[in-house]
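Visitor: Can you walk me through this one? Keep it quick.

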Amino acid sequence: MERIPEVKSDKHKTESRLSLAERGLSPSTNEFQGLDVNSLQQSFVNHLEFSLAKDEYSATIRDIFKSLSLTVRDRLIERWIETQQTYYRRGTKRVYYLSMEYLMGRLLGNALINLDLYDNVKKAMKELGYDLGDLEEMESDAALGNGGLGRLAACFMDSMATLELPAYGYGIRYEFGIFYQKIYNGYQVESPDHWLRYGNPWEIERPEYIYIIKFNGHVQESRNDRGLPKFDWVNTDNVIAMAYDTPIPGYKNNSVNNLRLWSAKPSREFDLEFFNTGDYGRAVQDKIQSETISKVLYPRDDFFAGRELRLKQEYFLVSASLQDIVRRYKKTHPGNFSLFPQKVAIQLNDTHPALCIPELMHILIDQEGLEWDEAWDITVNTFGYTNHTVMPEAMETWRVSLLHKLLPRHLQIIFEINHRWLKKVESIYTGDLEKLKSLSLIEEGEEKKVRMAHLAIVGSHSVNGVAELHTNILKNRVFHEFYKIWPKKINCKTNGITQRRWLKFSNPALSQLITEYIGDEWITDLYELKKLEKFIGDEKFEQQWREVKKHNKKRLAGCVKQDYQTEIDLNSLFDVQVKRIHEYKRQLLNALHVITLYNRLKSDPAADILPRTVMLGGKAAPAYYTAKLIIKLINSLSDIINKDPEVNSRLKVVFLTNYSVSNAQLIIPAADLSEQISTAGMEASGTGNMKFALNGALTIGTLDGANIEIHQEVGEENIFVFGLTDRQIQKMRENGYDPRHHLNRNDELRQAIDMISHGYFSPDQPDLFMPLVDSLIRAGDPYMVLADFEAYIKCQEKVEKTYRDQSEWTRMSIMNVANMGKFSSDRTIREYAEEIWKVKPVHIQLNKSSKKG
């Protein structure tokens, strides 16, 4: 099946026919939609009637939401079209951001904020009898990500549009996302997250942009007319990638960039021959197998079919995106790829899209006829690679046998890249087989594997870490041999978050207070928050600050009561740890602290212990047994503690189910204490730490990831730091770490471990949590939970003492917010643009007449 060509309007005109523009009917000459209340209401009513075929009597609340979304989308599309045409007219260099995840959250409120329409839309809907907040709740979170990787990509898309950078995002349109988390009897149970059940009003289906994605088959070698080797990938199984576009607006400018998501379609919908013989299953088998590729984010990879599907997903994203990028480039540079790196910058968000490197080589050599050296030079100068992990088990590798089966031509290219690369290594380290082995793209062993991070490093001109510590670990430990060869290639781009969503939208009360005192320039320049420092000591301002926090805590407490039937004390310390559940993030350390507090209260009910509400949330990977058992432990603690009348007025534990962007926007503004307690040297950056601090929570954390830079920015006196450093941990491991040493010398720790191991929190199955105990003792406590326990408990005591002094706590809270300037994704993206991508802003000028509100 051949790719359907783009529809080009000039092919369908006759000489006598006037163009749309000549008739004054072109989108480029059409009057802009109004932004005033009356215009918004008229558009809303028109969509309700003509787009949804409803009236005020038959419309449901979901219809009202859809009609409003389409009304807002109209205003985005006008600017979207103008933005894309401006990029073409100016021939500007463009950035393409490839990510397997985009954790976008709800789009309505964000679009209203960036279009500066929130107040007008709120008024327009109120006059029509609808509450904007209720309508926002009707929108499903786009289930296109799991954690920080996807949320970072979403923040970057917002910043690129706000900074007027010509950028595109590419991802996969997962039909079911990762999963919807439910808790049954304390256990995580995964169910499909059918976020598209009611449709997605923001996306535009693009059937004119479909591409063939090949799998399997074999490679035929021959010679071309110049006598050079020619490779044809034949007898393939084909899948179709179809584009769905979502407009991404910048803040208060006319830039609207594009997020293009690919959906898998079959090359054959239906096999009539099988159907006519009564084999109805095989008649639709091709359709089912093809569409599986974009069904679910991160299929379980603990069995072969799951691993194969995951690799198919990665190549599906890579092939569709690169075909689209090359098509766009060739529109203005047909037959000439020498300018490709000057017009195209592609950023790989972790190793998932690393197959881009052999795919672009495949396109340039096999389809465009370039010779290897020229194609390789273009490839290296086009790609940048962002690394997001230092954990060896998280470094992605693919079995050579699986690549040979699914992508035979790409495996040939990878082998050739490796052959040429190792010749260079040999020229530097003559006869050093260990260097060749460590730097090879192929991991030798019983089963040969391709090291995707090594492929990304060799095939990119820039490799960046996402925090200073993370980058130093890459340079000095993980990729040290590469760093010695290319000392300038590895660089740091500390992550950031968009303040538009994570302060202005998520925390309107604090946003309004800040703007009242220092103006609103912080919305596009977060360093402006530094001006808040001069209001420390202003009793009125500090009281207002506390009132905002209490308002947010009351809002969250209401939801907790409604969803979990748990009353929580607004005056208690809201102690929050919400993030993906993983052993290195050490939710287990948090649980041990909770048990310690519980035991102190039980042993002395009159003890003067600060009331505390401990809230945890996050999803565990479906095949990650230990993480799922940690969730069960937390819920078991909650069951025991919250029902115990001796302690439940001063200690509560709540597991917040199905953590998502929308839930985060409720939870983060209400938090007093932000738990960022990962094992030092294991968290690449973290962005949750930034979100909490930006909303006035104080951090308790290790010197890990971006915690170190937060510590530098806010000052040692405004953060609670504890625990071993990365270097101390490395030294301890080298000297032989024995977790029993810490267990035997701390009575409270030993008591907590004994209670878990003897079934205090699981009386119906006393040995239920023994695997967790074994991970801490028999398995050697690889995440240093026991080693950091005592320091963590002491630091929590310091937290408690400080919280009792509300004046001091408020001062520290203000200082945290005031010093968050560095952690805007605008700063991060500006560094990418200037130092890696070499792209400049493109100002979008609206040339059409516009009705102004």
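Guide: One term to begin with: buried means under 20% relative accessible area, exposed over 50%, and partly exposed in between, with a 1.4 Å probe and protein chains only. By that scale Arg 804 is partly exposed, at a relative accessible area of 41%.

Visitor: And what am I looking at, in terms of source?

Guide: This is a predicted model: local features need pLDDT of at least 70, side-chain atom pairs count only at pLDDT 80 or more, and totals for chains, interfaces and linings use all residues. Residues are numbered from 1 along each chain as its sequence is written, and side-chain values use heavy atoms, with hydrogens and water left out.

Visitor: Back to Arg 804. Which side chain does Arg 804 meet in a salt bridge?

Guide: Asp 608, at 3.4 Å, N to O. A salt bridge here is a side-chain nitrogen of Lys or Arg within 4 Å of a carboxyl oxygen of Asp or Glu. The pair links distant parts of the chain, 196 residues apart. Asp 608 sits in the loop between α23 and β18 (612–617), and Arg 804 in helix α32 (residues 785–804). Helices (H or I, at least four residues) and strands (E, at least two) are DSSP runs, numbered from the N terminus.

Visitor: Is Asp 608 buried or exposed?

Guide: Exposed, at 62% relative accessibility.

Visitor: How many salt bridges does the structure hold?

Guide: 51. One of them joins Arg 600 and Glu 748, 2.8 Å from N to O. Arg 600 is partly exposed at 24%, and Glu 748 is partly exposed at 27%.

Visitor: What about Arg 778 and Asp 774?

Guide: Their side chains meet in a salt bridge of 3.7 Å, N to O. Arg 778 is exposed, at 68%. Asp 774 is partly exposed, at 23%.

Visitor: Which residues are linked in a network of salt bridges?

Guide: Arg 206, Asp 245, Arg 260, Asp 324, Arg 327 and Arg 328.

Visitor: New topic. What is the strand order in the open sheet of 9 strands?

Guide: β5-β8-β9-β2-β1-β10-β11-β15-β16, with mixed pairing. Two strands pair if DSSP finds at least two bridges between them. β5 (204–215) and β16 (490–492) stand at the edges; each has a single partner strand, so one side of each lacks a neighbour in the sheet. Neighbouring strands are turned by 25° against each other on average, direction ignored.

Visitor: In what sense do β2 and β9 pair?

Guide: Parallel, over 5 bridges, with β2 at residues 167–172 and β9 at residues 256–266. Gly 171 stands opposite Leu 261 in β9.

Visitor: Which strands does helix α12 lie across?

Guide: Helix α12 (residues 356–367) lies across β1 (94–98), β10 (344–349) and β11 (383–386), running at about 165° to β11. Axes are lines fitted to C-alpha atoms, for helices over the stretch in contact, and angles run from 0 to 180 degrees between N-to-C directions.

Visitor: Last one. At what angle do α1 and α2 cross?

Guide: Roughly 120°, with the axes of α1 (residues 37–51) and α2 (residues 61–90) coming within 8 Å. That makes α1 oblique to α2. Angles under 35 degrees count as roughly parallel, over 145 as roughly antiparallel, 65 to 115 as roughly perpendicular and the rest as oblique.

How values were computed
Contact means heavy atoms within 4.5 Å.
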